[in-house]
Every structure is written in C-alpha cells, then in structure tokens.
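Thank you all for making time this morning. I would like to walk you through one chain, beginning with a single residue and then widening the view.

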Amino acid sequence: MSAPVAPDHAFTGEIAKPNTGGIWKIFFVLVGITAVEFAVTFAMEAQSIRTLRNSILIGLTILKAFFIVGEFMHLKHETKGLIWTILVPSVLLVWLLVALVTEGSFIGETLSNMFS
C-alpha cells in the first residue's frame, strides 16, 4: 500500500516571509515624490508659472498613484490583460474630465461675455 500524496494546494505549515524590504523601498520612493511635490509647490509661487507648477504636480500625483496601485493594491503582480483593463478606462475617464472642464469653462466665458 502506498502513502497518500498531498495535493498541491495543501497547507504545508510554512508561513511566507514578509516582503518588508520592498515595502520600505516603495515607502521611500513615495516620501521622495512627496518631498519633490512640496518643494515644487513652495518654490513656484509666481502666477506666471502656475500652469507649469500644476502640470508638474499632476504628473507627480499620477506617478505616486502608479506606485500605490502597483505595490499596495497588487496590480503589478497581475496579468497584463487585467492591468490594461483597469488602466485604459481610467485614462479615458481622466481625459473625459479634462475635456468637460475645458468645455465648461469655454461655455462659461462665452456666456459671461455675451451678457456683459
């Protein structure tokens, strides 16, 4: 009589090692990006470069979101199809918001000029 073979998904009793090194790495990357955001915010206070400052802050925020979603929401460990399924609608949603805000401000300016 042969000994029973344990299935592949059986619990072996081992506890996986925590990935604290990777988490600390992401933490320091996020701290660095946040420090750059603060530096940009307080260094670029002139009204003439406000659009440049806002563009830099939006880019850094998107970079931070990429690291947070990739590491802490485990998206970087998923398949490419799932990543694209989440990423493409998100980009289209941001594009829609930018288009609606731009169009709304244009209509607002047109109406205010029409009645003034």
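Once neighbours within four places in sequence are left aside, Glu-37 is in contact with Leu-57, Leu-60, Thr-61 and Lys-64, where contact means heavy atoms within 4.5 Å. Before I go further, please keep in mind that this is a predicted model, in which local features need pLDDT of at least 70 and side-chain atom pairs count only at pLDDT 80 or more, while totals for chains, interfaces and linings use all residues. Residues are numbered from 1 along each chain as its sequence is written, and side-chain values use heavy atoms, with hydrogens and water left out.

Glu-37 sits in helix α1, residues 20-43, and helices here are DSSP runs of H or I with at least four residues, strands being E runs of at least two, numbered from the N terminus. Is Glu-37 buried or exposed? Its relative accessible area is 12%, so Glu-37 counts as buried, the word meaning under 20%, with exposed over 50% and partly exposed in between, for a 1.4 Å probe and protein chains only. The side chains of Glu-37 and Lys-64 are also joined by a polar contact of 3.3 Å, that is, a pair of N or O atoms within 3.5 Å, where within protein one must be able to donate a hydrogen and the other to accept it, and residues adjacent in sequence count only if both atoms are side-chain atoms.

Let me move on to His-74, which lies in the loop between α2 (50-72) and α3 (80-114). His-74 has a positive phi of about 60 degrees, although it is not a glycine. Most residues other than glycine have a negative phi. With a relative accessible area of 49%, His-74 is partly exposed.

Further along, helix α3 holds Ser-112, whose side chain reaches the backbone oxygen of Glu-109 at 2.9 Å. Ser-112 is partly exposed, at 43% relative accessibility. From Ser-112 to Lys-17 there are 95 residues in sequence and 63 Å in space, C-alpha to C-alpha.

Finally, the whole chain: it contains 3 helices and 0 strands, in the order α-α-α along the sequence. How many of the 116 residues count as buried? The share is 12%. Along the principal axes, the C-alpha atoms fill a box of roughly 95 × 30 × 15 Å.
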